[in-house]
Amino acid sequence: MWGIIIALISGALMSIQGVFNTGVTKQAGNWLTNSWVQLTGFMVCIVAWLIWERQESSIAGLFQIDHKYMLLGGVIGAFITLTVMLSMKNLGPAQAVLLIVISQVAVAYLIELFGWFAVEKAEFQWSKLVGILVAIAGLIIFKWK
């Protein structure tokens, strides 16, 4: 149950953040806004690490990560922020988020199916494919005028 609540909060925060960031871009531009988002996020994370995790993990631990490509999460995050802002600007928040979520689910399922990025490989299930197709149908209905 706790996982569901956290996921719902995450989705809500992502939508709110996207709207805020898109609003800031109107006066500050895409990359300056993105820089501000990443910088302030970095500061919050450092403070949280100092308060809650400093005793359990050290910065040196980052250099011991098995799959070094996984350290690109921040780089990917910068492009996530940018693409969310651009999609919300062009499509509006609701349609952009719907497309983003469908893309997230489809790509996550492919990652599971093929066992990419050190994720345990999952068996193909028609129900999951149907779920993605239903989400796409939902997008079409949502966009219908």
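Predicted model: local features only at pLDDT ≥ 70, side-chain atom pairs only at ≥ 80, totals over all residues.
I listed Gln95, Ala96, Ile102, Tyr109 and Leu113 as the buried residues of α4. Viewed down the axis of α4, these residues fall within an arc of 170°, so I noted that they line one face of the helix. As background, I recalled that an α-helix has 3.6 residues a turn, so residues three or four places apart point the same way.

Next I looked up what covers the buried residues of α4. I found that the cover includes α3 (73–91) and α5 (126–143).

I then checked the length of α4. Helix α4 runs over residues 93–114, and at 1.5 Å a residue its 22 residues should span 32 Å. I read 31 Å between its end C-alpha atoms, which agrees. After α4 I came to glycine 115, which has a positive phi, near 65°.

I turned to the whole protein. I counted five helices and zero strands, in the order α-α-α-α-α along the sequence. Taken along the principal axes, the C-alpha atoms fill a box of roughly 50 × 45 × 30 Å.

I looked up burial and contacts for the protein. Of its 145 residues, 16% count as buried. Among contacts between residues at least 6 apart in sequence, I noted that 57% join residues at least 24 apart.

Last, I took the surface and the charges. The protein exposes about 11100 Å², with 73% of that supplied by carbon and sulfur atoms. I recorded 8 positive and 6 negative side chains. The centres of these two sets lie 20 Å apart.

Key
Residues numbered from 1 in each chain as written. Heavy atoms only, no water. Helix = DSSP H or I, 4+ residues; strand = E, 2+ residues; numbered from the N terminus. Expected span 1.5 Å × (residues − 1). Buried < 20%, exposed > 50% of the residue type's maximum accessible area, 1.4 Å probe, protein only. Arc of directions from axis to C-beta. Contact = heavy atoms within 4.5 Å. Areas by Shrake-Rupley, 256 points an atom, 1.4 Å probe, with all protein chains shown as cover. Lys, Arg positive; Asp, Glu negative; His and termini not counted. Charge placed at Lys NZ, Arg CZ, Asp CG, Glu CD.
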